[in-house]
Amino acid sequence: MVALHFAPGGADDQADRLTGMRVANAGFLSACVRHLPPGPLHIHAADAAAVEVFKTRFPSDRPIHGVAVHEARRLAEVGALSLPGPAIGRFAQLRSEAAPGAYPIVGLTHAMSSPRALQAIRDLVTQPVERFDAVVCASESIRALVERVFNDEIARLSARFGPITPPRPHFPVIPLGIETAAFSTLGTEPARADARARLGIAADAFVVVYLGRLSWHSKAHPIPLYLAAEATANRTKRPVVLIEAGWFNNPETERGFHAARTALAPNVDGRHVDARTPEGKADALAAATVFASFSDNIQESFGLTPLEAMAAGLPVVASDWDGYRDTVAHEETGILVPTTMAPAGSGTSLGWRMATGIDDHETHIALAAQGIAVDVDAAAEAFVALAQSPDLAARLGDAGRQRARDMFDWKAVVTAHADLWASLEEETRAGAQNRTSPVPAYSDPFDLFGGFASHQPSTLLRFEPKIDAEARLAAVASLDISAADPSLKTRAAALLPGILKAGSVTVDRRSGHEAITVLWLAKMGVLRRVPSDG
């Protein structure tokens, strides 16, 4: 059915610098192990060591079969290749050389703001991508972005070289997922009472929790949250607690958050919980009355934490932003707070600064976020409404829990991927006669640099052994520096007796790997080239 690509560093959800992409990749692989139909699982990895890491990290009773990256032909026997990012072009090149059009390749989008991610979409136009390939988009907003970048690249190349109509891969929308059962007990009153007791929070407090990486420049600026929480405390006269459950990249950022919260929300009881520990994350969600996330950054493409809050039965107050718009049903499972972005044309200088190297990506997204506003008054209205109406909070929370189970549980998400792989495999078979021409995924150095040498066997070249060929080979074979590939010595030892018996050997473009052995023997002074008669 599918070979799942695995790179250990890209799916490490235990790293100190935890990111949504790592959590999502690890969750997807774990869900595939548990929810795909019974049978063996194929892991596409750099080497056997990576496959062993996979077995350790995602234990299963399933047979696990490794498919090395250089074994592209074997993927045709499996069915499809699933990649954890959008850069499917390189793997399409490998396929075009080893097994043209023999299996579909499916990539996944995560954050799409980086130059690398955007270039991966542009490369779909020029790489040997087929109509039965796909890049899965986590949200409708991401699909719109991907289609625009793809179409803009076609227009750019058409304006330069004339009209082009490259194969257009599929851009389906399949969300990321979570294990909803892991959060099901957090929304109960006993769990809330226990968590608040551990955190020292009063039973009647209105508790807002933010869960995620605490970064004002690349995730969500905290000031709108602080202002809305302070307004809620002033208007409701209830104790308001704000739990920032996450982690800071550095002490400077932590000090900046603390200073802003102290200055702008003096009537709010601010807490920080390290949510990298399961206990800290569970306590933060269980203690909360409402979950809030006011993402205002182009780096954010989906957002797993609102799903986790919904699965825990919390009403969600979130910015009306990208993937949040897909996960949170406004006024059904939560409240979406309006966002406003500067008009097109306002960021031309920002794009130029990054293109010319003045700003790196982190600086670029921070500067862009300055032109994105979350409606603070609307956020405060949402908090006040939920603080004053426990029934509203309960209704939204219950609906969110059900929505998370139905749409975003990993079992449903993996089933959607499995259906996609199956349909693309069928499309692959149906389109067997309508594939793009092979595009070399690599350069044969003896082809690319053929003009460097005096002689190259485009026609026949003949070599003959020197009188003491066997002794010469034995002498050079004993030297460590004689061959970069030790197996070359073994191949040469096996080939030389036949050359001695025949008196000579010829090589041409059809000689393949044997030509390297012959040329190495000549390089080592065991053979000599026989000048042509012409």
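View 1. Buried means under 20% relative accessible area. This is a predicted model, and Cys137 sits at 0% relative accessibility, so Cys137 counts as buried. Cys32 is also at 0%, so Cys32 is buried too. What about disulfides? The structure holds 0 of them. For a disulfide, two cysteine sulfur atoms have to be within 2.5 Å. The cysteine sulfur nearest to that of Cys32 belongs to Cys137, and it is 18 Å away. Look from the other end, and Cys137 has the sulfur of Cys32 as its nearest, again at 18 Å.

**View 2. Helices H15 and H16 crossing.** To describe two packed helices, you give the angle between their axes and the distance between the axes. Here, helix H15 covers residues 376-388 and helix H16 covers residues 390-408; their axes come within 5 Å and cross at roughly 105°. Angles from 65 to 115 degrees count as roughly perpendicular, and that is therefore how H15 and H16 lie to each other. On the H15 side, the contact is made by Ala385, Leu386 and Gln388, while H16 brings in Pro390, Leu392, Ala393 and Leu396. Sort these residues by class and you get 6 nonpolar, 1 polar and no charged ones.

**View 3. The two faces of helix H7.** Which residues of helix H7 (residues 189-199) are buried? They are Ala191, Ala195 and Arg196. These three are on the same side of H7, because they cover an arc of only 125° around the axis. Strand E7 (206-214) and helix H10 (278-287) are among what covers the buried residues of H7. Turned away from that buried side is a face with the exposed residues Glu189, Pro190 and Ala197.

**View 4. Two loop residues with positive phi.** Lys237 isn't a glycine, yet its phi is positive, about 60°. You'll find Lys237 in the loop between helix H8 (223-236) and strand E8 (240-248). Asp322 is another residue other than glycine with a positive phi, this one near 45°. Its loop runs between strand E11 (316-319) and helix H12 (324-327). Buried or exposed: which is Lys237? Lys237 is exposed, with a relative accessible area of 69%. Asp322, on the other hand, has 9% relative accessibility, so it counts as buried.

How values were computed:
Residues numbered from 1 in each chain as written. Predicted model: local features only at pLDDT ≥ 70, side-chain atom pairs only at ≥ 80, totals over all residues. Heavy atoms only, no water. Buried < 20%, exposed > 50% of the residue type's maximum accessible area, 1.4 Å probe, protein only. Axes fitted to C-alpha atoms, helices over the stretch in contact; angles between N-to-C directions. Helix = DSSP H or I, 4+ residues; strand = E, 2+ residues; numbered from the N terminus. Parallel < 35°, antiparallel > 145°, perpendicular 65-115°, else oblique. Contact = heavy atoms within 4.5 Å. Nonpolar A, V, L, I, M, F, W, Y, C, P; charged D, E, K, R; others polar. Arc of directions from axis to C-beta.
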